[in-house]
Amino acid sequence: MNRQLTPNDMSSFWMPFTPNRDFQADPRLIVAADGMYYTAHDGRQILDATAGLWCVNAGHNDPRIVEAVQRQIATLDYAPHFNFATPQAFELASQVAALFPEGLNHVFFTNSGSESVDTALKIALHYHRMRGDGARTRLIGRERGYHGTGFGGISVGGIVKNRMYFGGLLTGVDHLRHTHDLSRNAFSRGCPEHGAELADDLIRIAELHDPSTIAAVIVEPMAGSTGVLLPPVGYLKRLRELCDRYGILLIFDEVITAYGRLGKASAAEYFGVKPDLITTAKGLTNGVVPMGAVIVDEKIHASAMANADAPIELFHGYTYSAHPLAVAAATATLESYRANDLFARVAALAPVWEEAIHSLRGLPHVLDLRNLGLVGGIELESRPGQPGARAYEAMKRAWAEGLMIRAAGETIQLSPPFIISESEIQALFGKLADILRQID
Ligand SMILES: Cc1ncc(COP(=O)(O)O)c(C=O)c1O
């Protein structure tokens, strides 16, 4: 031990994606949760309008999930999945695959969204190489995209601050233009009408590099962390068509949209566009135990099996792939979604949610309101020279008033658990309206 421990010392924990110094001056500490509410350390009930970080879709401390994890830990704590396996991992993989569009039949387990993204990018590169098309090495992301924080994810991602401090990143990466356009689309209800033609940016990139060098395009069908950016009507279909034209794999990063957020099991289903790979995490286990999953199309898996040049078909995996606790949590989470018909509940609540968020139109600082399924984005005008400061202050005020919201840049993001009631939706937007009137 190299120093004396001090009670309540907050200096050791380097918090992720947080202004650490500001937090320590005015901490927001959580000690318990139940249903729609967190309990703060001072005993206050806090309405969770963000499902934690887009993960607690079934609400907090769902008894089915709690019991499943408790049972599992008392039975089998850990088992490796390199050369050994638990029967439950196979059962879960079948159940997960069944939720996604036909043909997406195989599941690779990871521990997070970032790992799912790296896994999907690697599977895409591997696929082309094993088919003898090894010149296809380029990966195409999109400006303002968020794909987690691994080197793969930040390379294809398009958020400047997540990239600029970390060196040269992966080589051979290019980016489509983003689709955010307030001049044409502000205050759209649901997906914006204008911008499908932005998918044609892939033509420019394909002509620049030659399509035969491009392995995959990765996009969030609905982008969250960059500020809730919805795809223009027709954009994703167009992107799919272009990928098909050029022989490029299409990856949907559904870390926040999979498992019901838009009222369907996946955004792929919601938009009627089938990608070749889907990355997921978060809602898979309701956030209870870390877990991610990449859902892989039959043709990719079959090719890996047929073209393998060694007994191991894919040299990739994690110590905790299919961790028994995560498998138990995920299996119980999927049961909960089914038993409570939660995806249909999202679809039913979506119009109520849409009305409620658009009631904020005209309030101070509001530049745009965006909604889809149970997702909301409130884009604020920045104070001169202080991008993000207003949304951050709104987040702090909301906490003081018993509400957890998320600030990303100058957008307030909302993504409540699917069990939110209509009266809680009204209370949430009532409070938000007050907060917007209070901040300068
Ligand atoms: C679209 C998307 N991809 C990847 C990630 C990264 O997930 P994780 O934080 O679990 O690594 C996130 C996290 O918010 C995300 O929204």
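**Close-up 1. Where helix H5 meets helix H12.** Welcome to the first stop: Ile 123, His 126, Tyr 127 and Met 130 on the H5 side are in contact with Ile 300, Ser 303 and Ala 304 on the H12 side. Sorted by class, this contact between H5 and H12 brings together 5 nonpolar and 2 polar residues, with no charged ones. Please keep in mind, here and in the views below, that this is a predicted model.

**Close-up 2. How the axes of H5 and H12 cross.** Two packed helices are described by the angle between their axes and by the distance between those axes. Here, helix H5 covers residues 113-130 and helix H12 covers residues 298-306. Their axes come within 10 Å and cross at roughly 55°. An angle from 65 to 115 degrees would count as roughly perpendicular and one under 35 degrees as roughly parallel; H5 and H12 are therefore oblique to each other. As for the hand of the crossing, H5 and H12 make a left-handed one.

**Close-up 3. An open sheet of 4 strands.** If you follow this sheet from one side to the other, the order of its strands is E1-E2-E3-E13. The sheet is open, and its pairing is mixed. At the edges sit strand E1 (30-34) and strand E13 (403-404), each of which pairs on one side only.

**Close-up 4. The hairpin of E2 and E3.** Now look inside the sheet, where strand E2 (residues 37-40) pairs with strand E3 (residues 45-48) in the antiparallel sense, over 3 bridges. Opposite Tyr 38 you will find Ile 46 in E3. The two strands, E2 and E3, form a hairpin with 4 residues between them. Gly 43 lies in the turn and has a positive phi of about 90°.

Close-up 5. Leu 47 has Leu 403 in E13 as its bridge partner.

Technical notes:
Residues are numbered from 1 along each chain as its sequence is written. This is a predicted model: local features need pLDDT of at least 70, side-chain atom pairs count only at pLDDT 80 or more; totals for chains, interfaces and linings use all residues. Axes are lines fitted to C-alpha atoms, for helices over the stretch in contact, and angles run from 0 to 180 degrees between N-to-C directions. Angles under 35 degrees count as roughly parallel, over 145 as roughly antiparallel, 65 to 115 as roughly perpendicular and the rest as oblique. A crossing is left-handed if the near helix is turned anticlockwise from the far one by less than a right angle, and right-handed if clockwise. Two residues are in contact if their C-beta atoms, placed from the backbone, lie within 7 Å. Ala, Val, Leu, Ile, Met, Phe, Trp, Tyr, Cys and Pro count as nonpolar, Asp, Glu, Lys and Arg as charged, and the others, Gly among them, as polar. Two strands pair if DSSP finds at least two bridges between them.
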